[in-house]
Amino acid sequence: MKYVLLFGGTMEGADQLEGAAKEQTMADYEKSGQWFEKYSKSGKIVGGHELQGPSTATTVSRRNGKVTVTDGPFIESKEVIGGYAEIEVADLDEALAMAKEWPGTVEIRPVVDHSQDQERARS
Amino acid sequence: MRILGNFDIAEEVVQDSLVTALERWPDQGIPDNPGAWLMTTARRRAIDLLRRDRRYAEKVLILERSSVVGDPVEADDRLRLIFTCCHPALPQEAQVALTLRAVAGFTTQEIAAAFLVSEPAMAQRIVRAKRKIVAANIPYRVPEGAELPARLEAVLAVLYLMFNEGYLSRGTGAGMRRDLADDALWLTRLLDRLLPSQAEVLGLLALMKLHLARSAARFDAAGEMVLLPEQDRSRWDQEAIAEGLRTLDTAALMRRPGPYQLQAAIAAVHAEAPSWETTDWEQVVTLYDALLRSANSPVVRLNRAVALSHVRGAQVALGEVNDLALALGDYHLFHATRAELLDELGEAALATEARRRALELCQNPAERALLLRKLGH
């Protein structure tokens, strides 16, 4: 079963941090690197990236047929998506176990499997 | 319906499309041909559902057919079922509903009546939860090792919630409501049989037994709720109390204390006291302190304050209660407790004000009746 893990928070603005906050952020960043390495080696991660910060985001939206391009992410919230990993695991519990080792907030979403669409349509 | 040939799925799919339509149309405008749009969306959803059809059918079947009778062959399945229904990835209200439905054999109508919500709303809650079990692939298994304690905690929370819901409304003449307290006790016994030697399962079992032992005294002849201080203790079931104490002893021997054992120990102090006044309040406060160390919850601090008022007086207790205003401002028992303490301090006007606020926030019919009585209605 495939899931995408969406990670909250980015490194944007991290260089302006000072003292304990900076140390914590850098320690978490290192931990997330180790996490990626561990699960890539064990073959659980089949794709994923760290994303550049929300200031680099551009949103294309469609309203009543009209297309608009705006600066910024499309989810208006204090939390930003800082990266994602596509994982292949047995079930939600395995995905949860991985997510619990991530040094921050994670949203787990099962992916829609379109692999059998054509076959189904024929039968 | 024709093209799908499976009424349940078809019904769900159509409902799904309608929901999508209702969500999208205000934003995106009504499409030129709404009928065709609905059919297209419905078909797409149907493909999604049918693709998972086998897995879906299997899981739904497991959820539906589980029987209530004690067939040992089914024991493993039932334990897995309990853990699946109480998975933390599901909303807690859905965990309770699913457990009642799948493990205790309630109908949707009975669950809806038990929680005073409409049947369609409850059906929707159950359908959504079942769908998430399938879509997110929540496993059908008993967690092991390091995973077990936290997952067991979630199961116990569901059983305790269920118990409280039934226990509070016991004797209110709400004829339609099945007695959830007995069902929760039955489920906890079942859990203890399926997963033996878990101190906290026994702790919860002891807690339920000790509460139920007092239930005959909780309502007077007119069906009005009677709180612990005013209860006629000669009506307590001494045999049931003894059984509850034995269960608690068995749990304590395992030397793995936890919040349910502590709460059962508090209930035991009350059960053994000849009267409200002669209760060993020092012991109760000590037990609440231990409880706060394992789970620092404002509700526990509220209960501790009541015990504290007997050791150090109402004024000190009121100070502790007032500190909880931010956390518990929307909780009716916060205001009801303040009212009791204010009464004790001779602040009748403030007590009435607090009691009115409690009434505004309280849903439970038996507790509402009690508050109204104290307000002089």
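Two strands count as paired here if DSSP finds at least two bridges between them, and strands themselves are DSSP E runs of at least two residues, while helices are H or I runs of at least four, numbered from the N terminus. With that in hand, A:K66 in β4(A) has A:R63 as its bridge partner.

A quick word on the ground rules. This is a predicted model, so local features need pLDDT of at least 70 and side-chain atom pairs count only at pLDDT 80 or more, while totals for chains, interfaces and linings use all residues. Residues are numbered from 1 along each chain as its sequence is written, and chains are lettered from A and ligands numbered from 1 in the order in which they are written.

**Chain A: a hairpin and a sheet**

Let's stay with that hairpin. Strand β3 (residues 58–63) of chain A runs antiparallel to β4(A), with six bridges between them. Two residues separate the strands, and in the turn A:N64 has a positive phi of about 50 degrees. For burial, the count is of other C-beta atoms (placed from the backbone) within 10 Å of a residue's own: 20 or more makes it buried, 12 or fewer exposed, and anything in between partly exposed. Strand β4 (residues 66–71) has six residues and the number buried is zero, so β4(A) lies largely in the open.

Elsewhere in chain A, four strands make an open antiparallel sheet in the order β2-β5-β1-β6. Its edges are β2 (45–50) and β6 (106–110), each pairing on one side only. From one strand to the next, the twist averages 15 degrees; axes are lines fitted to C-alpha atoms (for helices, over the stretch in contact), and angles run from 0 to 180 degrees between N-to-C directions.

| Strand pair | Sense | Bridges | Facing residues |
|---|---|---|---|
| β2(A) and β5(A) | antiparallel | five | A:I45 and A:I87 |
| β1(A) and β5(A) | antiparallel | seven | A:V4 and A:E86 |

Helix α2 (residues 92–100) of chain A lies across β1 (2–8), β5 and β6, and runs at about 160 degrees to β6(A). Over on strand β2 of chain A sits A:G47. A:G47 has 12 C-beta neighbours inside 10 Å, so it counts as exposed. The C-alpha atoms of A:G47 and A:T58 are separated by 22 Å, with the two residues 11 apart along the chain.

**Chain B: helices throughout**

Chain B has 19 helices and zero strands. Of its 377 residues, 34% count as buried. Taking two residues as in contact when their C-beta atoms, placed from the backbone, lie within 7 Å, 57% of the chain B contacts with a separation of 6 or more come from residues 24 or more positions apart.

The largest one has 94 residues, and B:V155, B:L159, B:F163, B:A184, B:L210 and B:A264 touch the most other members. Helix α10 (residues 199–213) of chain B gives this core its largest share, 10 residues. In α10(B), 14 of the 15 residues are buried, so the helix is largely enclosed by the rest of the structure. Leaving out residues up to four places away in sequence, B:A264 touches B:G203, B:A206, B:L207, B:L210 and B:L248.

How far apart are the end C-alpha atoms of α10(B)? They are 21 Å apart, which agrees with the 21 Å that its 15 residues should span at 1.5 Å a residue (the expected span is 1.5 Å times one less than the number of residues).

Helix α14 (residues 298–312) of chain B also has 15 residues and should span 21 Å; its end C-alpha atoms are 20 Å apart, which agrees. There is a kink of about 25 degrees in α14(B), centred on B:V306, where the bend is the angle between axes fitted to the seven residues ending at a residue and the seven starting there. B:V306 is buried, as are other α14(B) residues including B:L302 and B:L308. The buried residues of this helix pack against α13 (281–294), α15 (314–322), α16 (325–328) and α17 (332–344) of chain B. Just after α14(B) comes B:G313, with a positive phi of about 95 degrees.

**Two loop residues with positive phi**

Most residues other than glycine have a negative phi. B:N137, in the loop between α7 (119–135) and α8 (148–169) of chain B, has a positive phi near 55 degrees. B:R255, in the loop between α11 (238–253) and α12 (259–272) of chain B, has a positive phi of about 55 degrees. Which of these is buried and which exposed? B:N137 counts as buried, with 22 C-beta neighbours inside 10 Å, whereas B:R255 is exposed, with 7 other C-beta atoms within 10 Å.

Definitions and conventions
Core = buried A, V, L, I, M, F, W, Y, C linked by C-beta atoms within 7 Å.
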